[in-house]
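Hello,

I am passing a structure on to you, with some notes on its charged side chains. Please read them next to the sequence and the model below.

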Amino acid sequence: MTTPEGLPVPLTSLLAEFAPVDRGLRAEMLIEYADAFTPVAESVARRPYPESARAPRCESEAYVFAVDRPDGTLDLQFAVENPQGLSAKAWAVILAETLAGQPLEQVARVPQDVVFEVFGRDLSMGKGQGLLGMLEVVQHEARRRLEARRRADRKSTRLNSSHQIISYAVFCLK
């Protein structure tokens with residue numbers, strides 16, 4: 001396993017846990033994660049969930065909800081409508097435990113290969129696409145907030161530089 005630099009520490013630790021395990025133990029570990037799944041809080045979202053939150057290509061009908069934290073990171077909550085969607089539930093718990101509260105820049109850079117490092121290379125194409133879709137929504141939310149920050153920073157910089165010019169102009173007029 002080659003772990004890219006700059007991954008969130010909790011995700012790096014989880015990948016190290018999964019790296020040496022065989023297929024049987026991997027399945028047990030993923031079932032434990034799925035058993036820990038709790039659906040999105042009603043204070044965050046209620047049925048019917050908005051299509052904008054739905055993970056693309058996910059047969060388990062997974063929905064991703066990113067909630068802003070005061071420190072500028074995200075809390076992640078999920079809904080998985082398919083009661084047999086164990087892989088989606090396990091992945092939801094893993095994403096919430098390893099990416100929530102982490103720097104948005106790191107969340108946005110998580111490589112898609114992590115899905116296969118966690119679930120194994122024999123993951124079916126359909127299931128893999130759905131799990132990748134869940135990660136893509138999380139990353140989209142992180143990138144969207146990063147872009148909003150960049151726009152706010154540029155606006156703030158323009159305002160600060162114009163204030164200096166105005167202050168200098170007022171000083172010259174006196």
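Is Arg151 buried, partly exposed or exposed? Arg151 counts as partly exposed, at 47% relative accessibility. Please keep in mind that this is a predicted model.

The partner of Arg151 is Glu147: the two form a salt bridge in which the closest N and O atoms are 3.9 Å apart. Glu147 is partly exposed as well, with a relative accessible area of 29%. Glu147 and Arg151 are four residues apart in helix α6, a separation of about one helical turn.

Salt bridges that share partners also join Asp68, Glu141, Arg144 and Arg145 into one network. Within that group, the side chains of Arg145 and Glu141 meet in a salt bridge of 2.6 Å, N to O. Both residues lie in helix α6, which covers residues 125–173, and they are four residues apart, about one turn of the helix. Arg145 counts as buried, at 13% relative accessibility. Glu141 is buried too, with a relative accessible area of 13%, because buried means under 20%.

Another pair is Glu51 and Arg54, which form a salt bridge with the closest N and O atoms 3.9 Å apart. Here Glu51 is exposed, with a relative accessible area of 53%, whereas Arg54 counts as partly exposed at 29% relative accessibility.

In total, the structure holds 10 salt bridges. The pairs described above are among them.

Regards

Technical notes
Residues numbered from 1 in each chain as written. Predicted model: local features only at pLDDT ≥ 70, side-chain atom pairs only at ≥ 80, totals over all residues. Heavy atoms only, no water. Salt bridge = Lys/Arg side-chain N within 4 Å of Asp/Glu carboxyl O. Buried < 20%, exposed > 50% of the residue type's maximum accessible area, 1.4 Å probe, protein only. Helix = DSSP H or I, 4+ residues; strand = E, 2+ residues; numbered from the N terminus.
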